[in-house]
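Below is a short report on a single protein model. Look over the sequence and the fold before reading on.

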Amino acid sequence: MAAPHRGAAGRAGRRERTGPVTGALEAAVGRHRTRSRRERIVGVDAARAVALVGMFATHIFPLREGREPTLTGMIASGRASALFAVLAGVGVALATGGMQRPRGTRAHLGAGAALVVRGALVAAVGLTLVATRAPVAIILAYYGVLFVVAAFLVRVPRGLLAAGAVLACVLTPVASQLLREGMPEGPGAQVGWPALAAPGNAVVTLVLTGYYPVLTWTTYLLAGMAVGRLDLRRPQVATGLLVGGAALAVAAHTASALLLGPGNGVWVLGAAASERRYGTTPTGTWWWLAVDTPHSGSTLDLAATTGSALAVLGTMLLLSRWAPRVVLVPAALGSAPLTLYTLHVVALAWYAGRGSDDLVLWLGHVLAATLVGLALRFAGVRGPLEAVLSAAGRAVRRLVTGITPKAVDSDPPRPPGT
């Protein structure tokens, strides 16, 4: 008789100490965990929230004033999308067993088929969003192709994934320069449904010349998958991601500064060295591989943005362990990023040309996304688009393997911004 009384009193005491809102949110998180029969890695969701908020900023605030980057341009440009892409790789790894890779050919086929179906659905959403004519570059079609690439990698050991990320970081920018020689500069038109009438051109755009070319962005996918195969609940892993990621970012930016400055690269490239890029760099000289400009797709840009993404993820994992209440709201926001990204793009399309204070607009998007995320978390459900993708993936995997999949974090990989 006494034990239940003490338990009830303890819960009441915790609610009194934490406050009604935080206590209710903690209870909602508990219900969500029970319903899904697994413990979400809250720090990963919180990192997705950082990427979402950063993406909102890059879509709304100007990134440059003349030739100089704005505060948003210095902090978020290129980094928000890279964080999303790395977290996509983490999501792939978690959705396919986390530390336990699929065993056997049938398990691999099931996991790969699920990723291909999810990628097709994500790409379909992206092709549809292009039709809204929102004033942003839609990344979801590129993501769909990345999921197809990931389908072939789900059984690769984490050591080989990490080595592959390093090789991709070094070699894919070189391959891009060689393959694009003689092609028109710039990303060209966005890939929407009409672009599928010329599928060859669409594939070239998605893989090689577009805003988020899959060839170079495979670096982020491989790095994220390698990280997702680690035990992300261990503080030592989180600390390693924070310290190692920050060191990688600093080293890449330092190397670029040395190559362009004392190395005289800036004398070859001129003022164009600091111009904003849209997925790729010109092919006229190999010195372009020395820049670290956001979205340039150079080796040093890939290394710097991968490092910053790992540092953010490590930070959120540590906060979720040492100060869990701090990340409760961000984790709610970050648990439905595909839905929130879609709503954000649709809202921008509706607002286009109407005129609005940038700060007010950004705060409105952040507040609306937070309220939607909290509502979903209180209800103990996924975002509607996440639910569709997850159900489709489970159905396909069950069809191939005959086994209901179990994952550490079974939500689909998340969509990036810019």
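## Basis

This is a predicted model, in which local features need pLDDT of at least 70, side-chain atom pairs count only at pLDDT 80 or more, and totals for chains, interfaces and linings use all residues. Residues are numbered from 1 along each chain as its sequence is written, and side-chain values use heavy atoms, with hydrogens and water left out.

Helices are DSSP runs (H or I, at least four residues), numbered from the N terminus.

## Helix 5

Helix 5 spans residues 79–95, 17 residues in total. From its first C-alpha to its last it reaches 24 Å, close to the 24 Å expected at 1.5 Å a residue. The expected span is 1.5 Å times one less than the number of residues.

Buried means under 20% relative accessible area, exposed over 50%, and partly exposed in between (1.4 Å probe, protein chains only). Just after helix 5, Gly97 takes a positive phi of about 115°.

## Salt bridges

The structure holds three salt bridges. The criterion is a side-chain nitrogen of Lys or Arg within 4 Å of a carboxyl oxygen of Asp or Glu. Asp45, Arg48 and Arg377 are linked in a network. Asp45 bridges to Arg48, with the closest N and O atoms 2.8 Å apart. Both lie in helix 3 (residues 42–60), three residues apart, about one turn of the helix. An α-helix has 3.6 residues a turn, so residues three or four places apart point the same way.

Arg377 and Asp45 also meet in a salt bridge (3.8 Å, N to O). Arg377 lies in helix 16 (residues 358–379) and Asp45 in helix 3, so this pair ties together parts that are 332 residues apart in sequence. Asp45 is buried at 1% relative accessibility, Arg48 at 0% and Arg377 at 4%.

Glu275 and Arg277 also form a salt bridge (3.7 Å, N to O). Glu275 is partly exposed at 34% relative accessibility, whereas Arg277 is buried at 11%.

## Aromatic pairs

Rings of Phe, Tyr and Trp (its six-membered ring) pair if their centres lie within 6.5 Å; planes under 30 degrees apart count as stacked, over 60 as edge-to-face and the rest as tilted. The count comes to eight aromatic pairs. One of them joins Tyr211 and Tyr278 edge-to-face, 6.3 Å centre to centre with 90° between the planes. Tyr211 lies in the loop between helix 9 (199–209) and helix 10 (214–228), and Tyr278 in the loop between helix 12 (265–269) and helix 13 (299–322), so the pair ties together parts that are 67 residues apart in sequence.

Tyr211 is partly exposed at 21% relative accessible area, and Tyr278 is partly exposed at 41%.

## Gly279

Gly279 sits in the loop between helix 12 and helix 13. Gly279 is buried, at 5% relative accessible area. Its contacts (heavy atoms within 4.5 Å) include Tyr211, Pro213 and His295, not counting residues up to four places away in sequence. Gly279 and Gly186 are 93 residues apart in sequence and 7.9 Å apart in space, C-alpha to C-alpha.

## Surface patch

Val166, Leu167, Val170 and Leu171 make a nonpolar surface patch of about 360 Å². Leu167 belongs to helix 8 (residues 158–179). Patches are made of residues with over 30% relative accessible area and no salt bridge; like charges are joined within 9 Å, nonpolar side chains (Val, Leu, Ile, Met, Phe, Trp, Tyr) within 5 Å. Accessible areas come from the Shrake-Rupley method with a 1.4 Å probe; for residues, only the protein chains shown count as cover.

Notes:
Helix = DSSP H or I, 4+ residues; strand = E, 2+ residues; numbered from the N terminus.
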